[in-house]
Amino acid sequence: MANISKRRTGELVRELFKILLAQPEGMRAVDALAALASCITMTEHEAGEYETGGRRFEKIVRFGTVAPVKAGWMIKDKGVWTVTSEGEAALQAFPDPEQFTHAARALYKKWKSAQPEPAGDEESDELTESSATITLEEAEEMAWAEIEAYLAATPPYDFQELVAALLKAMGYHVSWIAPPGKDGGVDIIAYNDPLGTRPPRIKVQVKRNANSPRIDVMGLRSFMAVLADGDVGLFVALSGFTKDADYEARQSHRRVSLIDARRLLELWTTHYAQLDDGARARLPLKPVWFLVGDK
């Protein structure tokens with residue numbers, strides 16, 4: 001990365017921020033990098049290939065985002081990148097690319113100094129830490145893309161069974177799973193006890209709609225309409241939900257939890273040990289450990 005100046009790093013990351021700000025719901029890293037590549041002119045070094053394969057450009061940009069992430073200007077979550085309000089403010093406050101990079105690195109060093117057991121030269125720590133971070137984030141993105149594709153290809157009623165299996169692993173008692181056909185807006189009904197004597201009744205709607213638009217307010221309200229007093233609603237949708245729908249769920253007097261693909265995966269991994277073998281076969285996972293700290 002020594003061939004990349006602070007000014008060039010700032011130019012690339014600032015352009016990336018502009019692209020991400022046009023997508024407030026977030027953007028897949030691979031799409032954001034492709035969009036950035038299409039709107040800038042790469043240097044010969046950036047366009048070059050590593051001996052092990054792969055264009056330098058993508059690694060350079062990822063390296064450049066390490067400090068902004070630690071500065072709180074940017075969030076990376078399972079392959080989706082978003083710019084925070086602090087990042088948007090920084091874009092306005094530091095129009096000069098070199099100043100932008102300097103400010104981000106200053107906040108990175110502040111973050112680094114607050115970590116336990118700081119060791120070694122600051123600059124070498126930054127390079128080592130960023131290298132490990134980049135390796136990890138690329139691996140996470142690849143793993144998440146495979147999991148997302150697997151879930152998207154799961155037959156709808158198998159996906160419904162997967163959600164029911166998760167509820168059972170979490171300690172709930174599933175009393176009903178909708179058979180093929182019209183379900184009246186409810187796919188699963190569950191309770192806190194086997195006889196259903198302890199409230200609340202849990203109604204679940206499941207949508208395996210990974211490649212569809214996010215669920216909006218109207219879609220959420222249609223589900224909330226089937227919730228009676230005392231019911232709790234779970235809306236599971238691989239596509240996720242718009243910000244307006246999320247706000248509606250939080251403000252509504254009806255208790256509704258929204259579960260997108262990321263949240264579903266978090267719950268699945270958290271309760272993986274409680275799943276039986278048949279349930280695990282619906283989404284089999286294996287943890288992999290990476291060394292990310294410096295010694």
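Start by selecting helix H4 and helix H6 in this predicted model, where H4 passes H6 in a left-handed crossing. Helix H4 covers residues 56-70 and helix H6 covers residues 97-113, and their axes come within 7 Å and cross at roughly 65°. Coloured by class, the contact of H4 with H6 has 7 nonpolar residues, 2 charged ones and no polar ones.

Now step back and display the whole chain, which has 12 helices and 8 strands. The C-alpha trace spans about 65 × 40 × 35 Å along its principal axes, and of the 295 residues of the chain, 42% count as buried. Among the contacts with a separation of 6 or more, 61% are accounted for by residues 24 or more positions apart.

Next, select Phe159 and Val204, the residues with the most contacts inside the largest nonpolar core, which has 30 residues. Helix H7 (122-153), helix H8 (156-169), strand E5 (188-191), strand E6 (201-207), strand E7 (231-237) and helix H11 (261-270) each supply at least two residues of this core, and H8 gives the most, with 8 residues.

Keep Phe159 selected and ask which residues it touches, not counting residues up to four places away in sequence. They are Leu151, Thr154, Val206, Lys207, Arg208, Val236, Leu238 and Leu264. A second, separate core of 29 residues can be picked up by selecting some of its members, including Ala29, Leu36, Trp73 and Trp81.

From Phe159, move to one of the residues it touches, Thr154, whose place is in the loop between H7 and H8. Is Thr154 buried or exposed? Thr154 counts as buried, because its relative accessibility is 9% and the cut-off for buried is under 20%. Leaving aside neighbours within four places in sequence, Thr154 is in contact with Phe159 and Arg208. If you draw a distance from the C-alpha atom of Thr154 to that of Lys286, 132 residues apart along the chain, the separation is 19 Å.

The aromatic rings make the next stop, and a search of the whole structure finds 6 aromatic pairs. Select Phe17 and Phe100: their ring centres are 5.6 Å apart and their planes stand at 90°, so the pair is edge-to-face. This pair links distant parts of the chain, with Phe17 in helix H1 (residues 6-21) and Phe100 in helix H6, 83 residues apart. Phe17 is buried, and Phe100 is buried as well.

Another pair to select is Phe223 with Phe235, which is edge-to-face, at 5.3 Å centre to centre and with 70° between the planes. Here too the pair links distant parts of the chain, since Phe223 is in helix H9 (residues 217-224) and Phe235 is in strand E7, 12 residues apart. Both Phe223 and Phe235 are buried.

Then select Lys78, in the loop between strand E2 (74-77) and strand E3 (80-83), where phi is near 50°, a positive value in a residue other than glycine. Lys78 is partly exposed, with a relative accessible area of 24%.

End the tour at Ser252, in the loop between helix H10 (243-251) and strand E8 (255-259). Ser252 is partly exposed, with a relative accessible area of 22%. Its C-alpha atom is separated by 9.2 Å from that of Met224, although Ser252 and Met224 are 28 residues apart along the chain.

How values were computed
Residues are numbered from 1 along each chain as its sequence is written. This is a predicted model: local features need pLDDT of at least 70, side-chain atom pairs count only at pLDDT 80 or more; totals for chains, interfaces and linings use all residues. Side-chain values use heavy atoms; hydrogens and water are left out. Axes are lines fitted to C-alpha atoms, for helices over the stretch in contact, and angles run from 0 to 180 degrees between N-to-C directions. Helices (H or I, at least four residues) and strands (E, at least two) are DSSP runs, numbered from the N terminus. A crossing is left-handed if the near helix is turned anticlockwise from the far one by less than a right angle, and right-handed if clockwise. Ala, Val, Leu, Ile, Met, Phe, Trp, Tyr, Cys and Pro count as nonpolar, Asp, Glu, Lys and Arg as charged, and the others, Gly among them, as polar. A nonpolar core is a set of buried Ala, Val, Leu, Ile, Met, Phe, Trp, Tyr and Cys residues joined through side-chain atoms within 4.5 Å. Buried means under 20% relative accessible area, exposed over 50%, partly exposed in between (1.4 Å probe, protein chains only). Contact means heavy atoms within 4.5 Å. Rings of Phe, Tyr and Trp (its six-membered ring) pair if their centres lie within 6.5 Å; planes under 30 degrees apart count as stacked, over 60 as edge-to-face and the rest as tilted.
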